[in-house]
Amino acid sequence: MKKMLIAALALATGAAFAYPDKQITIVVPFAAGGPTDKVARDLAEALRKPLGNATIVVENVGGAGGTLGANKVAKAAPDGYTLLLYHIGMATSATLYRNLPYKTLDDFEYLGLVNDVPMTLIGRPTLPASNFAELQKWLNDNKGKINLANAGLGAASHLCGLLFQQAMKIDMTTVPYKGTAPAMTDLIGGQVDIMCDQTTNTTAQIEGGKVKAYAVTTKQRLTTPVLKNLPTLDEVGLKGFNVSIWHGLYAPKGTPKAVTDKLNAALREALKDPDFVKRQEALGAVIVTDERLTPAGHKQFVAAEIDKWGAAIKAAGQYAD
């Protein structure tokens, strides 16, 4: 019996360190073409080499503010071949959805944070305001007529828009879309007025002159060439306004430690990949280098974010279920 147990342990250990020996799927819980999808595809490319040139594909499983895709990974086989890349919704969904089919802090292995992504306040190209002061006046003059787009309940753009309305003390007609791409399309086309969205999705549109840009949501101005002249919402009068959207990598609960250790090591190496760093910096994203890159630090950070955003969501009384 003892020999059998030793043999079984050796086999399990060997299997773990043979990982990966087949295709890895990174589930993105949003539509293709959105900001989280862009981060996932760049990350998949950067992870291939440190994982032995593994085949890594991205699967978009949108719906219910990201919770459908997250639930798919929570229920997947805990073998390291189905991963989740999720943004701040990993924390906010714990309050937005009062009947989640999974437990945020219990049903996943936390592998490490990837980046912090600032957000930008943008408007349709025909909006008659060229800076934030003019936008503020236009918003006050058009109360009850303003359409605020977002990528769906629980999306980063929804959360930022929620805080923006509270800070401005102006109720706007919220127009939820099934993903960032269709929301951006309608903003560019003038069907909606304004939107708050991640720099990973807005930078190219701002640079191309397809939308108007008014401010960034961080406490400090950004250094990205396209965005460096935009003021922060804090400096234009919305004191304390500070929203960044982070992305983290997860595996199903119970994934062997040898596998999660290998994934964390690969993630650390991927985040140093020059091409990945260059792409993220061009989009205004900041690569994570602090303790949140460790599994324990990542989980501790998400727990704190659940508390932070839970209070804001409960105060607004807006739930997605």
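Helices (H or I, at least four residues) and strands (E, at least two) are DSSP runs, numbered from the N terminus. The model shown here is predicted, so local features need pLDDT of at least 70 and side-chain atom pairs count only at pLDDT 80 or more, while totals for chains, interfaces and linings use all residues. Residue numbers start from 1 along each chain as its sequence is written, and side-chain values use heavy atoms, leaving out hydrogens and water.

**Figure 1. The largest pocket draws on helices and a strand for its lining.** A pocket is an open set of points on a 1 Å grid over the protein atoms alone, with protein on both sides within 12 Å along at least five of seven lines; a cavity is a set where a 1.4 Å probe fits but cannot get out, and lining residues have an atom within 4 Å of a point. The volume here is about 310 Å³, meaning the space filled by probe spheres set on the points, with grid points joined across faces, edges and corners. Of the 26 lining residues, Phe30, Ala151, Tyr177, Lys178 and Gly179 are the closest to the centre. Helix 2 (35-48), helix 6 (156-168) and strand 7 (194-198) each supply at least two lining residues, and helix 2 has the largest share, 3 residues. The lining has 11 nonpolar, 12 polar and 3 charged residues. Here Ala, Val, Leu, Ile, Met, Phe, Trp, Tyr, Cys and Pro count as nonpolar, Asp, Glu, Lys and Arg as charged, and the others, Gly among them, as polar.

**Figure 2. The second largest pocket holds about 210 Å³ of space.** Look for Arg221, Leu222, Pro225 and Glu281, which are among the lining residues. Helix 10 (274-282) and strand 10 (286-287) each give at least two residues to this lining. By class, the lining divides into 7 nonpolar, 3 polar and 2 charged residues.

**Figure 3. One cavity of 30 Å³ or more is found in the structure.** The largest cavity has a volume of about 40 Å³. Its lining includes Leu148, Asn150, His158 and Gln318. Helix 6 gives the most to this lining, with 5 residues. The lining residues are 2 nonpolar and 7 polar, with no charged ones.

**Figure 4. Helix 4 packs against helix 11.** Residues 89-96 form helix 4 and residues 295-316 form helix 11; the angle is about 45° and the axes are 8 Å apart. Axes are lines fitted to C-alpha atoms, for helices over the stretch in contact, and angles run from 0 to 180 degrees between N-to-C directions. The two helices are therefore oblique to each other (under 35 degrees is roughly parallel, over 145 roughly antiparallel, 65 to 115 roughly perpendicular and the rest oblique).
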